[in-house]
Amino acid sequence: MTVLPPGLDQDVFERALDEFRAAIGAEWVFTTDADRASYLDPFEIGDQDVHASSAALAPDGVDDLRKILRIANRYRIPLWPVSMGKNFAYGTAAPEMRGSVILDLKRMNRVLEIDEVLGTALVEPGVSFFDFKAELDRRGSALWMSGPSHSWGSVIGNALEHGVGYTPYGQHVESICGLELMLADGSLVRTGLGAIQNSKEWQASRWPFGPGLDGLFTQSNFAIVTKMGLWLMPEPDGMAGVWISVPRREDYAALIDTLRPLRMTDVINAPYTIANGWRQITSGRLRSEVWSGPGAVSRERMEELLKERNQGWWSVTFNLFDSAEALDLRLARIRRDFERTLPEATMDIRRWAKGQPQESWMRQEVSLAALGAVDWGGNPGGHSDFGPIVAAVGERAEEVYSIIERRFIEFGKDPWIGMFGISGRALIFVADMYYTRTDEEEAARCRALFRQLCNDMVEIGIGLYRTHLHFMQDAVKMHGWGNAALPRLNNRIKDALDPNGILAPGKQGIGPWASSGPGIGL
Amino acid sequence: MNTLVGIAGLALAIATIGSAAAKTQPEAPRPSDQIYAERCAYCHDANGWGTRVLARRLPASDAVLLNRASLPPGYITFVVRHGIGAMPQFTPSEITDAELAELSRWLGRGN
């Protein structure tokens, strides 16, 4: 099926494709049905064709990029930059606006620098976590990578999308130190101290003379990131892996209020994750093996399954990083706090010391384990996530949790809910909607559930951390304060930097183009 | 004086360690066994997630990709570009058409 960029007819698009071929080489302009199929979202919540691309281009550097931008601006062709294109559950490589041309940066895949002294690196967009770990290992580096739950994605892409990991450097966007950007007009800019000729400090300090701009280019469509500096953690002297099981549903608020001060004071010095009961019963099983009734797996059945495995209603997992003596102190403090507030909680601990072989619980090895749960509800499976940002205060977290659990059950979906304690002060909820991709009714039900939850969250003043392509407009519309002052500012920045709006139209609801019409405030 | 020596030593360390900037994915067509090792084996070896998922609906002997009795090249090509079940697809920037054609023949020969 032919898919065209909006507003272009076949002849004009063919002329543009010929110009792209002349600019970057015909072999790097992908137009066949099989090529375009490889950029569809494998976990689309409904019809993949809604987010189909018209072609894909794979430049090998900034010179190619500049040529592509010149042509795209002339023809007003929307470009959708992807680094590895593995943003599973949020759209993968597919564009928000049907007919966009994928700008596939996979060929820009150099690890430009790893500085063992300062613990920094400089990478290009096509470097995956697999690639990066292999390069660290090849060099015998004493620096550790903070990877997400699956390693197929791009180091840059994950950080720019506010992805998370499980080490003290687990808020990946906060490890960014210096970006190289290509603006829509083809000009190349280095942020931070990269603006200084011959700088040796580009990756050493985030805050230059003047505004720090790095955050502006995360979860946005203002420019194409061509290089990123990041900070890496020196190998720790030791680690402790901690698993806490909390028995009752009604313990939730106390659990959050127990964890918050431990995380805020850095006693727990890496992100923690919390899983509710439904999230724990899936591991290694299929839904059909445990539930054949209508609607969501019932609370009674879920509790029965937890009991079989001797698991509590809530599980908490985190790693601590320190010397053996300091780990003892951290663990003693955690035990003391839990004994005071949640005396029935149980705690399992594993230890590791520098020089010992690494183990899987340390999450230092690359992994694709997250893909193993995709078929939970049926094959071919998919999932997308509802991810509100919630203050790490028991009462507030309980308010949000109870709404999400109730709505999931109301819509016939298993409330598969987790929370990341990325920082001390806020939780990122991840409520996964699993579905069978060929079941149109189920996909429609998931979309309706997501939108219902957006409405519920706006009512209580909550916003989202990230969304699938389908919900970019829903998410941006939650930012209504001051007559949508922030979305309006974003649109003004977009208009100044990319007046033709060719870069990632629809992304985060910013700019004049999107599949559902102009963004908020336009 | 000590400070100056320290700074010079630091600069030398950075220059030495940071000198390599090799492409992590070379552009010349890669041999199929290398592509298999880099892109497929992680999920499709005996302990991989892909093997575990396949074992839910295939005989154990067929769940490991390299043990599969029949793997028509056309089927492999289609699956790699379109994905199947829980397996997401691969783009031509990850595995080129030429590499995929050879990989499909290589897997089809029962390697």
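Two strands count as paired if DSSP finds at least two bridges between them. In this predicted model, strand 5 and strand 6 (residues 120-123) of chain A pair in the antiparallel sense over four bridges. Within this pair, A:Val111 stands opposite A:Val123 of strand 6.

Both strands belong to an open sheet of five strands in chain A. The strand order is 5-6-10-8-9, and the pairing is antiparallel. Strand 5 (111-115) and strand 9 (188-190) of chain A stand at the edges. Each has a single partner strand, so one side of each is left without a neighbour in the sheet. Neighbouring strands of this sheet are turned by 10° against each other on average, direction ignored.

A sheet of four strands, also open, has the order 1-2-4-3 in chain A. Its pairing is mixed. The edges are taken by strand 1 (29-30) and strand 3 (79-82) of chain A; each has a single partner strand, so one side of each lacks a neighbour in the sheet. Strand 3 runs parallel to strand 4 (residues 101-104) of chain A, and four bridges join them. A:Trp80 has A:Ile102 of strand 4 as its bridge partner.

Chain A is assigned domain 1 (10-104), domain 2 (111-234) and domain 3 (238-466). The centres of domain 1 and domain 2 of chain A, taken over C-alpha atoms, are separated by 24 Å. Their contact takes twelve residues from domain 1 and 16 residues from domain 2. On the domain 1 side, helix 3 (residues 62-75) of chain A gives the most, with six residues. The residues of that side divide into six nonpolar, three polar and three charged.

Note on methods
Residues are numbered from 1 along each chain as its sequence is written. Chains are lettered from A and ligands numbered from 1 in the order in which they are written. This is a predicted model: local features need pLDDT of at least 70, side-chain atom pairs count only at pLDDT 80 or more; totals for chains, interfaces and linings use all residues. Helices (H or I, at least four residues) and strands (E, at least two) are DSSP runs, numbered from the N terminus. Axes are lines fitted to C-alpha atoms, for helices over the stretch in contact, and angles run from 0 to 180 degrees between N-to-C directions. Domain bounds come from an automatic or database domain assignment. Two residues are in contact if their C-beta atoms, placed from the backbone, lie within 7 Å. Ala, Val, Leu, Ile, Met, Phe, Trp, Tyr, Cys and Pro count as nonpolar, Asp, Glu, Lys and Arg as charged, and the others, Gly among them, as polar.
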